[in-house]
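Dear colleague,

I am passing on the structure below, and my notes on it follow directly after. Please read them alongside the model.

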Amino acid sequence: MLKTGAAKTKILIVDDEPDLLLMLQKNFEALGYTVMLANEGATALRRILDDSPDLVILDVLMPLVDGWAVLEMTNTLEPRPKTFVLSCKTGQENIDHAFALGAEGYMTKPFNMDELKEKVQALLQDSPPLPPPQS
């Protein structure tokens with residue numbers, strides 16, 4: 001069930017695949033979320049600083065500024081947005097790396113849209129933004 005006030009919840013989706021961005025935008029807007037898009041890491045960093053999203057859905061394989069750099073930067077923010085990695089990078093070492101950098105979720109591409117929506121909703125449900133992780 002979608003939480004009350006989801007329309008005020010902001011999700012930033014970061015991926016360099018335009019078709020995937022639009023598909024994710026359509027699905028999350030249909031659930032009542034405010035969705036912002038970025039097609040590369042530098043734009044994502046500006047959107048995070050300017051728009052303070054509640055959640056960032058993030059690809060890690062992007063040109064120039066990759067998703068790993070975006071994850072590292074979000075750890076310096078107070079409060080920091082929740083982050084959910086959506087990547088074609090498989091393997092436990094990538095998952096462990098994402099969680100070590102502060103990600104709260106990880107799914108590999110290709111993915112099941114219903115499963116992604118459930119995980120995102122569960123992550124956002126009744127949870128405030130997070131403090132930076134302790135080193």
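Predicted model: local features only at pLDDT ≥ 70, side-chain atom pairs only at ≥ 80, totals over all residues.

In helix α3, the buried residues are Gly67, Trp68, Val70, Leu71, Met73 and Thr74, where buried means under 20% relative accessible area with a 1.4 Å probe and protein chains only, exposed means over 50%, and partly exposed lies in between. Because six of the eight residues of α3 (residues 67-74) are buried, this helix is largely enclosed by the rest of the structure. The cover over its buried residues includes α2 (41-51), β3 (55-58), β4 (82-87) and α4 (92-100).

Residues are numbered from 1 along each chain as its sequence is written, and side-chain values use heavy atoms, leaving out hydrogens and water.

As for the chain, five helices and five strands are present, and from the N terminus on they run β-α-β-α-β-α-β-α-β-α; helices (H or I, at least four residues) and strands (E, at least two) are DSSP runs, numbered from the N terminus. Of the 135 residues in the chain, 49% are buried.

Gln25 belongs to helix α1 (residues 18-30) and is buried, with a relative accessible area of 18%. Apart from neighbours within four places in sequence, Gln25 is in contact (heavy atoms within 4.5 Å) with Ile13, Val35 and Leu37.

Best regards
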